Amino acid sequence: MAIVELVRDDAATAPDAGRPIRFRTVERDDALAIGGAAVAASALAWLLFTRLTAAGVNLGMFVVGYLLFLLLVWGIGREQYDAVRARDLVARAVFWSVGLLLIVPMVAITAYTVAKGVAALTPNFFLEDQSRVGPLSPPSVGGASQAIVGTLEQVGLATLISVPLGVLVAVFLNEVGGRLARPVRMIVDAMSAIPSIVAGLFIFAAFILALGGQLSGFAAALALSVLMLPTVTRTTEVVLRLVPGGLREAGLALGATEWSTTRHVVIPTARSGIVTAVILGVARVIGETAPLLLTTLGATAMNANPFSGKQSALPLYVYRLFQLPQEVAIQRAWTGALVLLLLVLVLFVTARIIGGRGAGHISRFRRARLAREGLA
Amino acid sequence: MQPIDPTIALEGFGPGVEDRVRPVTRRSGADRWFRGVVTAAGAFTLLLMGLIGLFLLVRSMDALRAAGPSFLTTATWEPDGGAFGIAAVLLGTALIAVVALAMAVPIAIAGSIFITDYAPSRMRTPLIWLVDLLAAVPSLIYGLWGRAYLQPKIIPISDWLSAHLGFIPFLDADRAAGFAASTFVASVVVALMVLPICTAVMREVFSQAPAGEKEGALALGGTRWGVIRTVVIPFGRGGMVGASMLGLGRALGETIAITLIISPTFDLGRLTRILETGGNSIALLIALRFSESSSFGISALMAAGLTLFVITLLVNAAASVVVARSRSGAATEI
C-alpha cells in the first residue's frame, strides 16, 4: 500500500507522468532542451573565441563548443529532472550528434566532386579520346571516350564471367547444400576480403606470367570478376533464402525435378533480387583502380578490342591525370571522377529500388508479356 | 502420364521422413546434372581461392629464397640491390589501419546505436541508405577527395596535436618536415572508408538485442541510456569486436586512396611519427613499384602481396569466428 502511495506521489510530481518511454521517438521537451543547448553553446563558443579572445575560428572553438553543449544539456537535465535523467539526456545528445555526423562525409564528397568536375563535363568528354590531348590543351579538346569504352567492356566481361558463376554458387549453397556448403560459404566470405591489389597480382601471375596472356582489357576483366564474385554470390544467396519453401515444395510435389523447380520457380521468384545482386556487383568493381594498374596499364588512344593490347579505363584515366602537375589535367581527372561517382550512385539507387520489391514482384512490363501469353 | 515409381512412393513414407525437406531419393538424369554442375561451381570457388594463394606463393619463391628470414626484418625495398624486406611497409600498413580503426570504431558504435535505437522511423531508412552508399563510393574518389579537400583541413589539426600532445609516443613530429601526405591524413580517409562496413555489421547486431530484456530494463525504471548501457551494448559486444576486425581487414588492404595521399618513406623513425609527412603500406608499395620492376622485383612484390593476402585472410577468419560466436549469428551478413 505504501509503495503504491509512493509511486503515485512521485508520479504526480514528475513532469511526464505516466508516459511510457519509447525508443526511436523524439519528445518535444527533450528536442527543445537539446536544440536550445546547441544554440546557446555555439553562441557562447563563438563569443569566447572571436570576441572575448583573439583566437579566431579554429578547431579549439568546435571542441570547446561541443563540450559546452554537453554541459548545458546536462545542466538542463539536472535542473528539470534528476541525475539519471540528465545522463540520459546527455547520451541522447551524443547519439544524435554522431547520427547527424554520419550524413556529412557523403554530402561533402558528392558536393566537392560535383563542384570540381562539372565544368569540364561537356559532350567531347564522352565523344573524343585522349590521343590528341597535349599537356596544356583546354578541356574542350579531347575526352575520355577510350576510358569509358574500356570500362564498359571490362566491367561487362567481368559481369559475364562472375554473374553465372556467382548465381550457380548461390544456388548450390541454398538449394543443394551438403557437406561442401560450409567451406564454400566460408571461402566466399574470405574472398570478399581479398585486397583488390592482390586480385590484380593473382591475375598477373596466373594469366599473364603462367598462361602467357597479354596486358589487356580481358586480364583486367578477370581481376574484376575475382572481386565481383563474392558480392554476387552473397547477395544472391540472401535473396534465394527469402523464397518461401512452400513454393519449392509445391513444385516438387507436382512431380517437377529439382532442376526445373529451381529453373521455373525459385529463380523467377528471386529475379529482382538477382538483378540487385548483379547491380551491386557492378557498382563494387566499376571504380576499382588497383587491379587495373597491374593488368591493363591504360592507354591514351581508343582500343575497342579488350582481348588485345593495353586498354584504358575510367578509374585509370582519373588516377593518372590527377597526378600530373597541370591544372587542366587535374580538372579532367575530376570530371572523370564525377562520371564514376554518378554511375555508382545511379547503379546503387536502381539496385535499391529493384531490391526493395518483394520476392515474386511482377513488373508492369512482365505483366504485359504474361497477358500476351494468356497466363495472367 | 508416367506411372509413379513405387520405390519413391514407398521410400517417401519411410521412417524419419518428417524431418527431411525433400523426400526424393532417386533423382532423374536432369537432376543429377543439375546437382553436378552446381556443386562443381561451389567447388570451383574453393579451387580459385587455393589457386590465388598457390600462384602468389610460386611466384614469390625466387624472392623469398634469396632473402630468407631477413625478408621479415629488413626495412628497405631494393630487390635488385639485394636488400629488401617488409618490416617498414608492414609497420606502415598496421599504423594506418590501427589509427583508422581508432577513429572509425567509436563513431560506428554510436552511429549504429543511433540508427537502431534513436533515429525516428522516417529517418532510419535514408540513414541506412546513406551509410551503404558511403560503402559503395570507389576508393579512388576517397583518395581524390582526401587529398584535395580533407588534407588542407587536417594539416592544422596535425599541427595542433603535435604542438600540444607531442609528448605522447607517435604524436611527436618534426615541424620542418611538414604534415601533408602523412599516415594520419591517410588514416582519416581510411577511417571514412571502413566506417560504413563497421556501422552496417554493428547495426545488424544491435537491432537483434532481445526486445524482452530491453522492455524489462525499462519496466525496472531504466532510462533509454540505461537500457543501451545494460542490454544493447553487452549483447552486441561480440559483434562489435567482429565488426571492428572486418573493418581492420578492409583497412589493411586499402590501396588506391593511400597511394594518392601518402608520400612513401622507408625510414622507421618517420613512419612512427604518424602526423609527419611520409608513411607506407604493402598495397601502396605494390601499386607504385610494379610497373618499373624487374622480374626479380616482381617476385619480391608477389611475396609482399602474399603477406598481405595471408594477413587479411587471418584477420577476416578471426572476425568471422568472433561474430559467429556472439549470440547473433546473422551479424556477418553485410
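Reply: Gladly! Two residues are in contact here if their C-beta atoms, placed from the backbone, lie within 7 Å. By that rule, and leaving aside residues up to four places away in sequence, B:Ile258 touches B:Ile96, B:Ala186, B:Val190, B:Ser281, B:Ala283 and B:Leu284. This is a predicted model, in which local features need pLDDT of at least 70 and side-chain atom pairs count only at pLDDT 80 or more, while totals for chains, interfaces and linings use all residues. Residues are numbered from 1 along each chain as its sequence is written, with chains lettered from A and ligands numbered from 1 in the order in which they are written.

Me: What makes B:Ile258 buried?

Reply: A residue is buried if 20 or more other C-beta atoms lie within 10 Å of its own, exposed if 12 or fewer, and partly exposed in between. B:Ile258 has 29 C-beta neighbours inside 10 Å, so it counts as buried. B:Ile258 is found in helix H11 (residues 256-261) of chain B. Helices (H or I, at least four residues) and strands (E, at least two) are DSSP runs, numbered from the N terminus. Chain B has 14 helices and two strands, and 50% of its 334 residues count as buried.

Me: How do you know whether B:Phe170 and B:Ala181 are buried or partly exposed?

Reply: The neighbour count decides again. B:Phe170 has 15 C-beta neighbours inside 10 Å and therefore counts as partly exposed. B:Ala181 is buried because 20 other C-beta atoms lie within 10 Å. B:Phe170 is found in the loop between helix H6 (139-165) and helix H7 (183-206) of chain B, and B:Ala181 lies in the loop between H6 and H7 of chain B.

Me: What is the phi of each of these two residues?

Reply: Most residues other than glycine have a negative phi. B:Phe170, although not a glycine, has a positive phi of about 80°. For B:Ala181, phi is near 55°, also a positive value in a residue other than glycine.

Me: Why are H13(B) and H14(B) called roughly antiparallel?

Reply: Axes are lines fitted to C-alpha atoms, for helices over the stretch in contact, and angles run from 0 to 180 degrees between N-to-C directions. Angles under 35 degrees count as roughly parallel, over 145 as roughly antiparallel, 65 to 115 as roughly perpendicular and the rest as oblique. Helix H13 (residues 282-289) of chain B and H14(B) pack at about 155°, with axes 9 Å apart. H13(B) and H14(B) are therefore roughly antiparallel. Their contact includes B:Ile282 and B:Arg289 of H13(B), and B:Gly297 and B:Leu308 of H14(B).

Me: What makes H9(A) oblique to H14(B)?

Reply: The axes of helix H9 (residues 196-210) of chain A and helix H14 (residues 295-325) of chain B come within 10 Å and cross at roughly 130°. That angle makes H9(A) oblique to H14(B). Among the residues making the contact are A:Ile197 and A:Leu201 of H9(A), and B:Met302 and B:Phe309 of H14(B).

Me: Which residues do the two chains bring to their contact, by number and by class?

Reply: Chain A and chain B contribute 74 residues each. Helix H4 (residues 83-101) of chain A gives the largest share of chain A's side, twelve residues. By class, that side has 59 nonpolar, seven polar and eight charged residues. Ala, Val, Leu, Ile, Met, Phe, Trp, Tyr, Cys and Pro count as nonpolar, Asp, Glu, Lys and Arg as charged, and the others, Gly among them, as polar.
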